[in-house]
Amino acid sequence: MGGVKVTHGSRVIDPSTGFTKLDIVRYYAQAAPWALPHLAGRPAYIRRAPLGITGRMVFQQHPEGTRGLRGTDPALWPGHEPAIAFDSVEDVVAAAQLGMIEWHTWNSTARAIDRPDRIVFDLDPGEGVGWPQVQEAAQLVRAFLQELGLASWLKTSGGKGLHLFVPIVPRQAYDVVKGFSEAVVQHMARVLPQRFVARSGPRNRMGRIFIDYLRNGWVQSTAEAYSARARPGLGVSMPVRWEELEGLAGGDHWNIVSAPSRLAGLADDPWGAYWQAAQRLAPAMRALGFAPARAAGPARGDAGATRSRRTPARPA
């Protein structure tokens with residue numbers, strides 16, 4: 001498939017559905033043309049579950065000599081092994097053959113590696129939060145961003161929540177962009193404390209939604225568009241139009257078996273305008289009253305800014 005031999009295709013990866021490794025490889029082969037514009041030039045990590053999602057999983061940040069995985073330009077991450085690169089259908093299928101379930105990407109590309117070209121707001125509902133509350137929360141965050149002059153694009157998380165992506169011109173450093181995103185979240189939590197919380201942790205978000213801004217930091221990552229998720233059901237993180245939000249049944253509305261029908265039925269890219277959005281962050285910063293303490297780039301040689309080369313996967 002895609003020039004790659006699939007081994008152990010009948011292995012059950014998700015016991016809750018019976019979905020197999022071959023199902024995952026087929027999904028990624030079909031999704032790759034839609035996903036590659038999101039992946040091209042963007043450092044990536046992958047979550048692998050070679051024996052299934054009930055077994056040991058590995059969050060892999062570097063190719064580490066793994067046959068079939070390509071690395072980014074070493075100059076992009078001095079002092080570290082390269083991250084993983086996806087630039088072709090073959091790259092995608094090869095990773096799926098190696099047991100990849102998820103892909104996660106940085107907020108910057110090789111063209112300006114220390115300047116993010118997007119901001120991510122991950123709506124993470126706590127215990128007791130119903131799906132209608134998550135839908136409402138997405139609209140509330142969208143509306144506030146619009147007040148700041150920023151358009152946002154929506155996708156399902158593939159799990160319980162929703163992701164809002166805000167494309168920006170890559171001018172500000174990571175610490176500035178992360179600081180701005182934190183200020184947005186703090187504002188939402190201050191104005192609507194019954195709905196939102198700005199601190200992570202299950203106890204903090206009980207009955208409320210944590211708007212995760214932490215993924216906007218240097219070398220941090222977010223489940224990218226069209227990624228499957230290593231959870232029972234193997235949901236897919238699917239880009240949608242805002243007009244589709246009301247009809248979604250949950251953050252895992254699609255899975256690896258139903259998603260290809262969704263893709264086959266699309267007349268055009270739901271995020272078509274995303275690629276032409278040249279949004280400047282400085283006016284939004286002024287509108288919010290956010291002034292960064294300093295305009296500095298990330299500590300690109302700081303080994304403490306990332307996780308170890310291989311760590312057991314944790315639920316996102």
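Helices α4 and α6 cross in a left-handed sense. In this predicted model, the axes of the two helices come within 11 Å and cross at roughly 40°. That angle makes α4 oblique to α6. On the α4 side the contact is formed by V176, V177, F180, A183 and V184, which meet L281, A284, M285 and L288 of α6. By class, the residues of this contact divide into nine nonpolar, no polar and no charged.

Helix α4, which spans residues 174-191, also packs against helix α3, residues 131-147. Here the angle is about 120° and the axes lie 11 Å apart. With that angle, α3 is oblique to α4. The crossing of α3 and α4 is right-handed, whereas that of α4 and α6 is left-handed. From α3, the residues L140, V141, F144 and L145 meet V184, H187 and M188 of α4. The contact of α3 with α4 comprises six nonpolar residues, one polar residue and no charged residues. V184 of α4 takes part in the contact with α3 and also in the contact with α6.

A second pair of residues concerns helix α1. P37 is located in this helix, which covers residues 21-39. At 45% relative accessibility, P37 counts as partly exposed. P37 and P63 are separated by 26 residues in sequence and by 21 Å in space, C-alpha to C-alpha.

Two loop residues other than glycine have a positive phi. One of them is E64, with phi near 55°, in the loop between β4 (58-60) and β5 (70-71). E64 is partly exposed, with a relative accessibility of 23%. Another is L234, with phi near 50°, in the loop between β13 (222-223) and β14 (239-240). L234 has a relative accessibility of 0% and so counts as buried.

A further loop, the one between β12 (209-212) and β13, contains S221. The relative accessible area of S221 is 7%, and the residue is therefore buried, the cut-off being under 20%. Leaving aside residues up to four places away in sequence, S221 touches Y45, F59, H104, T105 and R215.

The confidence of the prediction was considered last. The chain averages a pLDDT of 92, and 92% of the residues score at least 70. Over residues 299-316, however, pLDDT stays under 50. For this stretch the model has 48 contacts beyond four places in sequence. Where pLDDT is low, predicted coordinates should not be read in detail.

Technical notes
Residues are numbered from 1 along each chain as its sequence is written. This is a predicted model: local features need pLDDT of at least 70, side-chain atom pairs count only at pLDDT 80 or more; totals for chains, interfaces and linings use all residues. Side-chain values use heavy atoms; hydrogens and water are left out. pLDDT is the predictor's confidence in each residue, from 0 to 100. Contact means heavy atoms within 4.5 Å. Axes are lines fitted to C-alpha atoms, for helices over the stretch in contact, and angles run from 0 to 180 degrees between N-to-C directions. Helices (H or I, at least four residues) and strands (E, at least two) are DSSP runs, numbered from the N terminus. Angles under 35 degrees count as roughly parallel, over 145 as roughly antiparallel, 65 to 115 as roughly perpendicular and the rest as oblique. A crossing is left-handed if the near helix is turned anticlockwise from the far one by less than a right angle, and right-handed if clockwise. Ala, Val, Leu, Ile, Met, Phe, Trp, Tyr, Cys and Pro count as nonpolar, Asp, Glu, Lys and Arg as charged, and the others, Gly among them, as polar. Buried means under 20% relative accessible area, exposed over 50%, partly exposed in between (1.4 Å probe, protein chains only).
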